[in-house]
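I open this notebook to record what I looked up in one structure. The entries follow the order in which I consulted the model.

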Amino acid sequence: MRDSPKALLLRTNFRAFLLLDSLQRLAVVGSAAMSSVPFLNTPDALRQLANQPHSPCQCSLQHCAGWESINDTAWPAAHMQHVATLRDPDVYEPTFEEQHPNGTRYESADAPVALKFFPYNRCDVHACSQCQQHVLRYTEFGGYYVDHRARRLDATQISD
Ligand SMILES: [Zn+2]
């Protein structure tokens, strides 16, 4: 599989990548009103998606019970449909605070899905067209890397 232009750019010129990223963000902000996917701002709205019938997942996302790194090669892009976002278009920088009332950690498979807290507040929701499973995904931007992270959506873990 060929690298995306963005990945090549990241390796060759990180400053250019930063510029590209900020331009893309501006583009997103500028077209927010015309965004094709709905912004889900309530736990119930997300539960409705998560409760849609699905078959046991056979795709490469089945191991993402908790947050896992999943690079562009492992992400089954051909099967994934972008269906919604949890990112509030009116919030420029969502909080990095996490919510773990029961002693879970970021990577716990039973960590609550708390919409207003990190990292859920910057996630997009994708659906697998083969098993109808819904998956949350966001991207971490480190000093010299980008890290795509995904977690399967489980309705029972969505907190109010
Ligand atoms: Zn699947």
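**Entry 1: Q99.** I began with Q99, which is partly exposed because 17 other C-beta atoms lie within 10 Å. The scale I used calls a residue buried if 20 or more other C-beta atoms lie within 10 Å of its own, exposed if 12 or fewer, and partly exposed in between, with C-beta atoms placed from the backbone. Q99 sits in the loop between β2 and β3. Setting aside residues up to four places away in sequence, I found Q99 touching P112, A114 and F117. Two residues are in contact if their C-beta atoms, placed from the backbone, lie within 7 Å. I also noted that 8.5 Å separates the C-alpha atoms of Q99 and A111, which are 12 residues apart along the chain.

**Entry 2: the basis of the model.** I note that this is a predicted model, in which local features need pLDDT of at least 70, side-chain atom pairs count only at pLDDT 80 or more, and totals for chains, interfaces and linings use all residues. Residues are numbered from 1 along each chain as its sequence is written.

**Entry 3: F118.** I then turned to F118, which also lies in the loop between β2 and β3. F118 counts as partly exposed because it has 16 C-beta neighbours inside 10 Å. Not counting residues up to four places away in sequence, F118 touches T95, F96, E97 and E98. For F118 and E97, 21 residues apart along the chain, I recorded a C-alpha separation of 5.6 Å.

**Entry 4: the elements.** I counted 3 helices and 5 strands in the chain. Along the sequence they follow the pattern α-α-α-β-β-β-β-β. Helices (H or I, at least four residues) and strands (E, at least two) are DSSP runs, numbered from the N terminus.

**Entry 5: the sheet.** In what order do the 5 strands stand in the open sheet? I read the order as β1-β5-β4-β3-β2, with antiparallel pairing. The edge strands are β1 (68-69) and β2 (80-85), each of which pairs on one side only. Two strands pair if DSSP finds at least two bridges between them. Strands of a sheet pair through backbone hydrogen bonds, either parallel or antiparallel.

- β1 and β5 (residues 146-152) pair in the antiparallel sense over 2 bridges, and S69 stands opposite R149 in β5.
- β4 and β5 pair in the antiparallel sense over 7 bridges and form a hairpin with 4 residues between them. In β5, E140 has D147 as its bridge partner, and R137 stands opposite A150.
- β3 and β4 pair in the antiparallel sense over 4 bridges, with V125 opposite L136 in β4. Their hairpin has 5 residues between the strands, and there Q132 takes a positive phi near 65°.

**Entry 6: the core.** Which residues touch the most other members of the largest nonpolar core? Of its 23 residues, I listed L86, Y120, C123, V135, L136 and A150. The elements giving two or more residues to this core are α3 (43-50), β2, β3 (124-128) and β4 (134-141). A nonpolar core is a set of buried Ala, Val, Leu, Ile, Met, Phe, Trp, Tyr and Cys residues joined through C-beta atoms within 7 Å.

**Entry 7: the chain as a whole.** Buried residues make up 21% of the 160 residues in the chain. Among contacts with a separation of 6 or more, 65% join residues 24 or more positions apart.

**Entry 8: confidence.** The chain averages a pLDDT of 82, and 78% of the residues score at least 70. pLDDT is the predictor's confidence in each residue, from 0 to 100. Over residues 8-20 the pLDDT stays under 50, and I found 8 contacts beyond four places in sequence for them in the model. The pLDDT is also below 50 over residues 22-34, a stretch with 1 contact beyond near neighbours in sequence. Where pLDDT is low, the predicted coordinates should not be read in detail.
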